[in-house]
Amino acid sequence: MYNIRIERTTCPKEKPGADNPLKFGTIFTDHMFICDYIEGQGWVDPRVVPYQPLSLDPSCMVFHYGQEMFEGLKAYRSEDGRTLMFRPDKNIERAARSNKRLCMPEIPKELFMEGLQAVVGIDKDWVPTKPGTSLYVRPFMIATDPFLGVRPSSTYKFMIILSPVGAYYESGLDPVKIWIEDEYVRAVKGGIGEAKTGGNYVASLSAQVKAHDEGYAQVLWLDGVHRKYIEEVGAMNIFFKINGVVVTPELNGSILPGVTRQSTIDLCKMWGIPVEEKRISVDEIVEAAKSGAMEECFGTGTAAVVSPVGELRYENEKMVIGGGAIGPVTQRIYDTITGIQLGKIEGPEGWVVEIK
Ligand code: COI
């Protein structure tokens with residue numbers, strides 16, 4: 001058990017009212033968690049403090065070489081008033097893998113979990129209750145050595161901030177339009193595509209701006225070598241239902257292993273819906289969409305939850321999926337995952353963790 005120091009705010013902020021649309025990632029709660037890492041000493045001074053700006057040396061390595069890792073998970077308020085987090089152990093395991101790839105020290109599982117419990121616990125009155133809302137939890141870690149040479153840092157800060165949110169997309173839960181990108185690439189095998197780190201997101205911006213300008217919400221990436229195989233969407237993993245089979249790209253080293261992705265696969269298996277993780281070419285997708293074999297398409301992610309995709313655009317081809325409406329399997333997965341997250345449906349053992 002870590003000895004987490006608590007410093008409560010003396011001027012609590014006004015919480016957003018019930019009619020606030022909670023635009024994703026714009027409002028932050030009263031407190032944040034911080035813990036420092038010093039090589040030779042390990043993790044020191046875990047603390048919950050009032051939410052505040054950081055004071056950092058401009059030469060800190062994170063600003064120059066991007067040595068940083070982040071995670072995303074959510075806390076929900078159940079009807080009986082409990083505060084629940086969805087599969088935090090999966091985020092903690094993924095953070096450990098990201099840290100390893102990025103030459104950053106591992107955050108002990110207990111420290112991560114106790115930090116989450118402490119900061120979400122102190123700010124649990126910030127968990128919104130309106131349908132479709134939640135408290136987004138953003139753990140992250142940055143390299144803080146004041147040094148301009150290229151090497152792993154020897155000091156870090158691990159922090160957790162909290163933001164009450166509504167839907168990730170401005171269109172809410174309406175099907176989104178997705179642009180299949182054939183000019184830029186996000187990641188290649190052997191790179192950092194499967195780590196959760198800012199570099200993968202900055203790599204996505206040019207294509208995202210291009211897609212937005214064309215009226216598309218997000219980009220669907222193709223593999224960086226052949227520009228032929230489907231990888232993932234910027235903020236979510238992608239699933240298709242083709243001829244009754246749910247398919248998603250197999251994890252190949254350049255795709256983010258999403259927690260909602262894994263939960264979707266687990267649920268399909270539990271329900272007996274055929275589900276396959278495999279290499280999928282863009283030609284197969286175009287063919288399935290044109291022939292009508294593609295019955296549904298949806299994205300999964302913590303922020304996006306389960307988002308139906310109503311249109312795919314590849315080169316000059318616009319493909320409307322399922323008449324542009326949410327399909328029955330997408331709806332069932334959405335209802336079940338959100339039901340489990342809200343404590344309305346009993347999920348598999350360990351999927352929901354209560355914050356006391
Ligand atoms: C999440 O879904 O939690 C993510 O980290 C995606 C982010 C780009 C909003």
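## Around the ligand

Six nonpolar, two polar and two charged residues make up the shell around the ligand. Here Ala, Val, Leu, Ile, Met, Phe, Trp, Tyr, Cys and Pro count as nonpolar, Asp, Glu, Lys and Arg as charged, and the others, Gly among them, as polar. This is a predicted model, where local features need pLDDT of at least 70 and side-chain atom pairs pLDDT 80 or more, while totals for chains, interfaces and linings use all residues. Residues are numbered from 1 along each chain as its sequence is written, and side-chain values use heavy atoms, with hydrogens and water left out.

Surrounding the ligand are Phe70, Gly72, Tyr136, Arg138, Tyr168, Lys196, Tyr201, Ala235, Thr302 and Ala303, where being near takes a heavy atom within 4 Å.

| Residue | Polar atom | Distance to a ligand oxygen |
|---|---|---|
| Lysine 196 | side-chain | 2.8 Å |
| Threonine 302 | backbone | 3.3 Å |
| Alanine 303 | backbone | 2.8 Å |

Taken alone, the ligand exposes 280 Å², and the protein buries 90% of that (Shrake-Rupley method, 1.4 Å probe).

## The two domains

The domain assignment, automatic or from a database, gives the protein chain domain 1 (5–166) and domain 2 (176–341). Their C-alpha centres lie 27 Å apart. Their contact (heavy atoms within 4.5 Å) takes 21 residues from domain 1 and 21 residues from domain 2. Each of these domains also gives at least three residues to the shell around the ligand.

Notes: Polar contact = N/O pair within 3.5 Å; in protein donor to acceptor, adjacent residues only side chain to side chain.
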